[in-house]
Amino acid sequence: EPLFRSIPPNNKAKVKMMWLLFWMLVAVWSLNTIGALAALIALNGDNDTGESFGLSLLFLVLFVPCAFICWYWPIYKAFRYQIVNKHHINQTRFILKERLIYVV
């Protein structure tokens, strides 16, 4: 809860949802590592299970801090300093919609 004290009340729910999404991501990568380790033990190293375990461990160790620094922390700071407003959200939607139409 101390993390959310500096967030304005109207943005607390959004930041908490992003915090929960970040921890869900950590849980998925942790389960992936546990599953790869179980496959490595159960299959005695057959079928490239060592490679799967190594990659899952790399994802867990490398990408969790990167996800926090590059994804959650900028969102937190934007809502903390109230940089995000309705104009920015509408502009982002417009840009994404234009790119989607261009791709399709």
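**Figure 1. Packing of helix H1 against helix H2 in the predicted model**. The buried residues of H1 pack against H2, contact meaning heavy atoms within 4.5 Å. Val15, Phe22, Val26, Trp29, Thr33 and Ala36 are the buried residues in H1; buried means under 20% relative accessible area, exposed over 50%, and partly exposed in between (1.4 Å probe, protein chains only). An α-helix has 3.6 residues a turn, so residues three or four places apart point the same way. Helices (H or I, at least four residues) and strands (E, at least two) are DSSP runs, numbered from the N terminus. Residues are numbered from 1 along each chain as its sequence is written. In this predicted model, local features need pLDDT of at least 70, side-chain atom pairs count only at pLDDT 80 or more, totals for chains, interfaces and linings use all residues, and side-chain values use heavy atoms, with hydrogens and water left out.

**Figure 2. Helix H1 and the residue Asn44**. Helix H1 covers residues 12–42, and its end C-alpha atoms are 44 Å apart, which agrees with the 45 Å that its 31 residues should span at 1.5 Å a residue; the expected span is 1.5 Å times one less than the number of residues. Just after H1, Asn44 has a positive phi of about 55°.

**Figure 3. Leu58 in helix H2**. Helix H2, which holds Leu58, comprises residues 49–80. Leu58 counts as partly exposed because its relative accessibility is 41%.

**Figure 4. The three helices of the chain**. The chain has three helices and zero strands, in the pattern α-α-α along the sequence. Of its 104 residues, 19% count as buried.
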